[in-house]
Amino acid sequence: MSLAVSSQKSVTGEAPLVRILLLNDREGKALVLIPANMLLNLVSIWKHSGRHLQPIRGSDAVKFFSQSALQGGEGQKKLFSLPVFVDESIAAQDNFTIVEPFTELQFSASREWFQDHVALCSLGLCTSSIQQNQPKGDDVHVITRAVERFTTLRIKQRLEDTLGLPSLPASMQKLVEIRSDPVAGIDDLVPVVRTDPSLAAQVLSWAASPYYAAPGDIHSVEDAVIRVLGFDLVVNLALGVAMGKMLNVPDDVPRDSVPYWQQSVYAAATAELLCKKMPSEIRPKPGMVYLSGLLQNFGYLILAHLFPPHFSLLSRYVEANPHMPLEYVEMQVLNVTREQVGCWLLDNWSLPTVVSESIRHHNDLEYDGVARHEALLLFISNRALRSEGLADGPIEEIPEQLFDELRISRETLDEVVNKVVECRGELDSLVHTIAHAKAM
């Protein structure tokens, strides 16, 4: 389960909320006060403090700030006996409205509580300043600049050749061709599955999963595809798992985050179910939506592959800034996002445009391209799952106009999410099957 928190947005005309964070290292604990809508720059706190302070994990923050002593004024004042680092943008304030995001603890504090042991530092970054510092140009240029900056590689030929990313195996190339062929069907798919023993075993295992509740025994690949799973699901799951096999899920991920495959399967199931609720005249192909959901975080694996020394730093930044959209954290640390590298590689592997485009733009409500509806379904599904602790990222309100555009209701979304939550056991069984397939 993810410990998702609400995104913090300043209200025009009001003093901003001040976020409190607890950091620690071998020397002990320290507090940071920063405008609630800003990103904490960990490198700055390390430079100013001369210490390698790290954010505590979300579950530990819940335990610490839920203590009964911190629910009253005396305990709150005593808390500030710790070393305090304050962002210089709020240096002139004498009184603060403090908020702790994991517990939503909120209280008033006075500068007098820590005046004699405060350090004023430049710690915070707003989203506009993060964007201003990003490389300009198309995604390939941005990725190239990030690779050259954060690795010893120098891009002198095609980007995909220089990065040393694995090439597609023959069976996967055939699956991509089938997925991209609008007239391909089961007769094209079954021979490909049959000739790959590992893939055939996976298909049979999926068909036997409790989530699909197949009546009777499954005796063959044809039986699994025709009677239980269907063409779209087999192609999509096979592609998703085959790509996952090519890149390892990183070890040093943000603590308390949702495991990679669990998040992928939940997002795919939610987006597909929601898609099927749309009117037929505007409904995208549910299979493409499912595949987009399954691969939406594939770029995360690529980031871990490209920037291993910096990936641990990225994880600590995510932990320190749970209120911040993940793409801004990735911009700050790596100058490139999972959506950019994921879309670029899927394009190079010739996956359908609606898949790569929806993955690239599913956090961009201004996007108005060929995959807008697919991207909006991912946007809505992710935010709904975050509220249930089943996806990573801050909890954000879903704009009403998105429901109007897709011609679905909030009640329909609630029904879909409730169904996914009710099926968690079966979906987790499928996640286990996919994870096991990856290890084969």
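**Entry 1: sorting the residues**

Before looking at any lining, I noted the classes: Ala, Val, Leu, Ile, Met, Phe, Trp, Tyr, Cys and Pro count as nonpolar, Asp, Glu, Lys and Arg as charged, and the others, Gly among them, as polar. I also reminded myself that this is a predicted model, where local features need pLDDT of at least 70, side-chain atom pairs count only at pLDDT 80 or more, and totals for chains, interfaces and linings use all residues. Residues are numbered from 1 along each chain as its sequence is written, and side-chain values use heavy atoms, with hydrogens and water left out.

**Entry 2: cavities**

Rolling a probe the size of a water molecule over the atoms shows where empty space is left. My rule works on a 1 Å grid over the protein atoms alone: a cavity is a set of points where a 1.4 Å probe fits but cannot get out, and a lining residue has an atom within 4 Å of a point. Grid points are joined across faces, edges and corners, and a volume is the space filled by probe spheres set on the points.

How many cavities of 30 Å³ or more are there? I found two. The largest cavity holds about 140 Å³ of space. It is lined by 14 residues, with Asn297, Leu326, His362, Arg386 and Asp392 closest to its centre. I sorted that lining into one nonpolar, six polar and seven charged residues. Helices α16 (326-334), α17 (338-348) and α19 (372-387) each give at least two residues to it. Here helices (H or I, at least four residues) and strands (E, at least two) are DSSP runs, numbered from the N terminus.

The second largest cavity has about 110 Å³ of space. Its lining has 15 residues, and Leu21, Leu22, Ala61, Glu100 and Phe102 are the closest to its centre. Which classes make up the lining of the second largest cavity? I noted twelve nonpolar, no polar and three charged residues. Strand β1 gives the largest share of this lining, five residues.

**Entry 3: pockets**

A pocket, by the same grid rule, is an open set with protein on both sides within 12 Å along at least five of seven lines. The largest pocket has a volume of about 790 Å³. I found 33 residues lining it, with Gln131, Pro325, Glu327, Tyr328 and Asn363 nearest its centre. Helix α16 supplies the largest share of that lining, three residues. The classes there are ten nonpolar, 14 polar and nine charged.

The second largest pocket has about 490 Å³ of space. Of its 35 lining residues, Pro254, Arg255, Ser257, Val318 and Asp392 are closest to the centre. Helix α15 gives the largest share, four residues. I counted 20 nonpolar, eight polar and seven charged residues in this lining.

**Entry 4: a look at Gln54**

I found Gln54 in strand β4 (residues 54-55). Is Gln54 buried or exposed? Its relative accessible area is 17%, so I wrote down "buried" (under 20% relative accessible area, with exposed over 50% and partly exposed in between; 1.4 Å probe, protein chains only).

The side chains of Gln54 and His52 are joined by a polar contact of 2.9 Å. A polar contact is a pair of N or O atoms within 3.5 Å; within protein, one must be able to donate a hydrogen and the other to accept it, and residues adjacent in sequence count only if both atoms are side-chain atoms. Leaving aside neighbours within four places in sequence, Gln54 is in contact (heavy atoms within 4.5 Å) with Leu22, Leu23, Asn24, Trp46 and Arg316.
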